[in-house]
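Subject: Structure for you to look at

Hello,

Here is the structure I promised to pass on. My notes follow below it.

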Amino acid sequence: MNSRDIFINNLKAIMKERKVSRRQLAEGLNIPYTTLTDWCTGRIFPRVEKINLIADYFNIKKSDLIEEITDEDDDALYDDVVKIDVFSKVSLDNTYHMIIAETGLPFISLNYDFKIDEELIPPEWIKNHQKYFGMIMNDNSMDPEFHKDDCLIIRENQIMDKDGFYCVLEKDSDYAIIRKLININDGIMVMPLNINKNCQPRTYLKDTPEYKSLMIIGNVVQVKRKYI
């Protein structure tokens, strides 16, 4: 199967799983409907930046669109449910300092003393063995985007590939927090949204001990809000 056919099959499968029509996807991507139709029928193969745009829309990896699904992955796609653990607090157990040789990044191992529940995620999210967990928002520091008691679904990812909302562990902190991370020329700005005297932005400059101490655990891909 060539790359164009793989893309078409994967896109159609994801759209069917998410119950997203061509019209809805075109509007969500802010592109003409005819352009999306050309992609879906194989008349035109989208450029890399457009594939990235589709992946961002569905909260998936680019590889989920352009790589062929193996039999093992295909079985996972048709599981009825995929459960992930939800934590009241996110902290790391004593193995977090281990280094994975292939990436040079710390090995993340969550402390299961704080597991309180489970949540469901779309089966195709685990197609490339990506790991997820849930975290309960325990304060109002990210209002109005996230509220206290929201359950945030986090995709484990220790690399900040773009500005956005991340689960991070700051220096001398026992528990992870949710913050908006913004790339600046010489480092990263860690921003709460509800700023007050007890909750202030911090700047981590490259090539400093503070920068090296900032640990990114993952990025927020979904919020599950319980309405009473």
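Leu152 stands opposite Val223 in strand E9. This is a predicted model: local features need pLDDT of at least 70, side-chain atom pairs count only at pLDDT 80 or more, and totals for chains, interfaces and linings use all residues. Residues are numbered from 1 along each chain as its sequence is written, and side-chain values use heavy atoms, with hydrogens and water left out.

Back to E9. Strand E4 (residues 151-156) pairs with E9 in the antiparallel sense, over 6 bridges. Two strands pair if DSSP finds at least two bridges between them. Strands here are DSSP runs of E, at least two residues; helices are runs of H or I, at least four; both are numbered from the N terminus. Strand E5 (residues 164-169) also runs antiparallel to E9, joined by 4 bridges. There, Val168 stands opposite Ile216.

How much of strand E9 is buried? Of the 10 residues in E9 (residues 215-224), 7 are buried, so the strand is largely enclosed by the rest of the structure. Buried means under 20% relative accessible area, exposed over 50%, and partly exposed in between (1.4 Å probe, protein chains only).

The whole sheet is open and has 9 strands. Its order is E2-E1-E3-E4-E9-E5-E6-E7-E8, and the pairing is mixed. Strand E2 (115-121) and strand E8 (202-205) are the edges, each pairing on one side only. Neighbouring strands are turned by 40° against each other on average, direction ignored. These angles use axes that are lines fitted to C-alpha atoms, for helices over the stretch in contact; angles run from 0 to 180 degrees between N-to-C directions. Further along, strand E6 (residues 177-184) and strand E7 (residues 187-191) pair antiparallel over 5 bridges. Ile182 has Met189 in E7 as its bridge partner.

Now the helices. In helix H4 (residues 48-58), Ile51, Ile54, Ala55 and Phe58 are buried. Seen down the axis, the buried residues of H4 fall within an arc of 100°, so they line one face of the helix. The arc is that of the directions from the helix axis to the C-beta atoms. Their cover includes helix H1 (3-18), helix H2 (22-29), helix H3 (33-41) and helix H5 (63-66). Just after H4, Asn59 takes a positive phi of about 55°.

H2 has buried residues too: Leu25, Ala26 and Leu29. They cover an arc of only 100°, which puts them on the same side of H2. The buried residues of H2 pack against H1, H3 and H4. Asn30 follows H2, with a positive phi near 60°.

Which residues have the most contacts inside the largest nonpolar core? They are Phe7, Leu11, Leu25, Ile54, Phe58, Leu65 and Ile153, in a core of 29 residues. Such a core is a set of buried Ala, Val, Leu, Ile, Met, Phe, Trp, Tyr and Cys residues joined through side-chain atoms within 4.5 Å. H1 gives the largest share of this core, 5 residues. A second, separate core of 19 residues includes Met135, Ile154, Met215 and Val220.

Last, the overall figures. The protein chain has 7 helices and 9 strands. Buried residues make up 41% of its 228 residues.

Best wishes

Definitions and conventions
Contact = heavy atoms within 4.5 Å.
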